[in-house]
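Below is a short briefing on surface patches and selected residues. The structure comes first.

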Amino acid sequence: MTMTNETETNHDCLLRIEGLKKYFPIPSGLFGKSKQFLKAVDGVDLFVKKGETLGIVGESGCGKSTTGNTILRLLEPTEGKIVFEGKDITRLSERGMQKIRKDIQMVFQDPFSSLNPRMRVFDIIAEPLRTHKAAKGRVLEEKIFELMETVGLDRSFVRRYPHEFSGGQRQRIGIARALALKPKLIICDEPVSALDVSIQAQILNLLLELQKKFNLTYIFIAHGIPAVKYISDRIAVMYMGEVVELAGKEELFSHTMHPYTSGLISAVPLPDPTLRERNNRILLEEDFPDQTNLPKGCRFYSRCPFRKDKCKEEKPLFREVRKEHVVSCHYPIIQ
Amino acid sequence: MSEAETPLLEVRNLQTHFFTELGVVPSVNGVSFSVKKGETIGIVGESGCGKSVTSLSLLQLISDPGKIVGGEILFNGEDLTRLSNKQMRKIRGNKISMIFQEPLTSLNPVFTIGSQISEAIRLHQNVNKEEAKEKAIVMLKKVGIPRAEKHYYSFPHLLSGGMRQRVMIAIALSCNPQLLIADEPTTALDVTIQAQILLLMKQLSTEYQTSIIIITHDLGLVAEMADRVVVMYAGQIVEQNNVYELFKNPKHPYTKGLLNSIPKIHQLKDQLESIEGNVPIPSQLPAGCKFHPRCAAALEKCRFQDPPLFQAKQGAEVRCWLHQEEVIGV
């Protein structure tokens with residue numbers, strides 16, 4: 001909590017979420033009168049500064065995408081607060097939200113299903129501009145050509161349909177659409193996971209270039225540590241609906257404190273065969289807790305290689321252990 | 001060649017083409033490599049490069065409109081392309097096994113995992129039901145499934161992705177194959193689970209001296225697992241070498257490009273260089289070197305003449321005109 005209070009007065013803070021929760025009811029019992037909940041996001045505090053990239057990383061089911069969708073109110077939060085540019089948007093009406101969505105855009109994982117196959121490139125990129133009545137006629141046309149050029153698409157492609165493009169080009173179309181309304185924040189949900197290795201680098205570099213050019217702020221959500229490390233300034237590691245570690249990129253990699261983060265990093269195969277015998281790897285077991293019936297202690301207990309009795313009984317607090325480096329672990333790794 | 005040096009598998013000039021309405025698609029176009037006993041080969045490449053078609057061809061699992069149109073696949077000296085369906089069935093799952101990318105779709109949802117392992121064992125080994133069950137439970141324990149006796153009766157949907165892949169490995173290894181083909185075995189899994197599965201595969205291959213062909217787009221995985229690496233692009237091998245040399249001295253511009261385009265987490269600062277352009281569609285391959293439209297070092301020659309595989313320094317085989325001078329003898 002200390003972290004969020006500090007930034008309350010900070011004018012650089014573009015987005016802040018406090019105690020964000022999203023529970024999904026699980027139909028059970030007679031007539032599906034559910035009493036059980038899946039706690040996809042369970043009390044997340046985060047802030048994003050203007051012009052930075054906040055990476056959110058974690059394995060499937062950790063709640064990272066749900067967090068992204070809840071910020072945009074594509075999913076209604078169960079509890080908590082979302083503050084964008086100092087304004088609480090948690091309970092904003094749908095109409096009010098529409099104005100906000102001009103400033104917060106999204107790039108999705110699957111460039112195959114996130115573009116309407118019956119629409120031409122022109123209409124896909126034009127859609128947000130038309131919806132928000134931002135441009136029409138000649139101006140709209142010029143604007144679309146300009147956007148296509150910005151993301152590295154040839155303007156002769158404008159009449160084509162999505163199926164005529166490769167994965168990387170489709171992702172460029174998705175980025176052009178996200179840029180159309182000159183947003184302040186772009187939430188990128190696994191934008192490179194579905195792409196070939198050689199194309200991933202193109203898209204990551206494009207995102208960095210655009211950030212510089214338009215002073216954009218990103219939330220970059222991914223399960224792959226390498227891409228997140230490359231693009232982010234600060235990184236939040238999520239596990240079972242909670243942020244377990246948060247720090248600047250270099251700090252996080254040089255002084256990894258949470259055993260889970262450490263396990264995530266050391267599980268990544270390194271492209272250097274001389275390092276394959278490295279013996280400092282932390283292998284995590286596969287023993288996940290039941291997400292509808294979470295343990296009362298640390299949620300990572302069952303998989304943690306360093307667990308102690310206290311971890312089973314007592315839930316660790318999210319606390320600042322080093323400067324601007326917060327972690328929720330009773331026994332953080334100190335190097 | 002002496003007996004000891006004879007490779008377990010030798011693929012010579014394999015060509016698998018697909019005869020579609022839009023024309024012939026040469027998915028695999030003259031691929032040659034060999035696998036020794038106990039060796040792990042990594043085949044790397046991006047989508048559409050022909051790596052999966054290569055592996056399916058080895059097991060004669062290519063179906064219409066695809067066809068193996070040329071080349072030999074010598075397994076223990078026997079050409080698999082000449083075998084009948086019946087003869088192939090004795091080899092599949094017995095001497096050569098395969099694990100696939102998606103462990104949920106490759107297991108039958110209406111049978112228990114135990115019965116699926118027993119099926120493989122009883123098909124290839126002369127054992128009765130009870131013995132097959134015992135063997136299956138031993139295998140489940142070996143691949144690290146907890147409470148194997150209980151899980152013998154579980155259905156696939158009850159297991160997590162990592163556990164399902166362990167079951168697939170148990171099935172694949174139940175008949176003690178000489179060769180295991182793993183096609184993107186961990187792509188659908190989280191990294192922490194991937195690390196577990198890779199470790200398991202390594203341990204089992206050492207224990208049983210099984211040769212492995214691992215097919216992947218992830219160079220990190222290859223660096224971790226393989227003894228030798230085959231890099232494929234547009235249906236051809238563009239570079240082949242032992243893993244240490246390939247990562248130390250990559251020669252083909254495509255291999256170099258691939259290596260430069262992965263973010264390195266063990267280095268604090270890093271700059272990603274991307275390969276320009278897109279992976280070509282197999283039905284619309286360019287003339288000359290298949291990589292030249294994306295190659296920064298392309299010469300005039302590359303646009304018209306397809307380079308052969310040259311023998312280059314440090315034991316490499318490279319399909320690139322830039323390494324022509326290094327020819328030791330073709």
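The model is predicted, so local features need pLDDT of at least 70 and side-chain atom pairs count only at pLDDT 80 or more, while totals for chains, interfaces and linings use all residues. Residues are numbered from 1 along each chain as its sequence is written, chains are lettered from A and ligands numbered from 1 in the order in which they are written, and side-chain values use heavy atoms, with hydrogens and water left out.

**Surface patches**
- Patch residues have over 30% relative accessible area and no salt bridge, with like charges joined within 9 Å and nonpolar side chains (Val, Leu, Ile, Met, Phe, Trp, Tyr) within 5 Å.
- A salt bridge is a side-chain nitrogen of Lys or Arg within 4 Å of a carboxyl oxygen of Asp or Glu.
- D154(A), in the loop between α5 (137–150) and α6 (167–179) of chain A, has a relative accessible area of 44% and is partly exposed.
- A nonpolar surface patch consists of F19(B), V24(B) and V69(B), which together have about 250 Å² of accessible area (Shrake-Rupley method, 1.4 Å probe).
- V69(B) belongs to strand β4 (residues 66–75) of chain B and is partly exposed at 39% relative accessibility.

**Buried or partly exposed**
- Buried means under 20% relative accessible area, exposed over 50%, and partly exposed in between (1.4 Å probe, protein chains only).
- S328(A), in the segment after β12 (325–327) of chain A, is buried because its relative accessibility is 9%.
- Leaving out residues up to four places away in sequence, S328(A) touches V243(A), V244(A), H258(A), P316(A), L317(A) and F318(A) (contact: heavy atoms within 4.5 Å).

**Helix α7 of chain B**
- E207(B) lies in helix α7 (residues 191–208); helices (H or I, at least four residues) and strands (E, at least two) are DSSP runs, numbered from the N terminus.
- E207(B) is partly exposed, at 48% relative accessible area.
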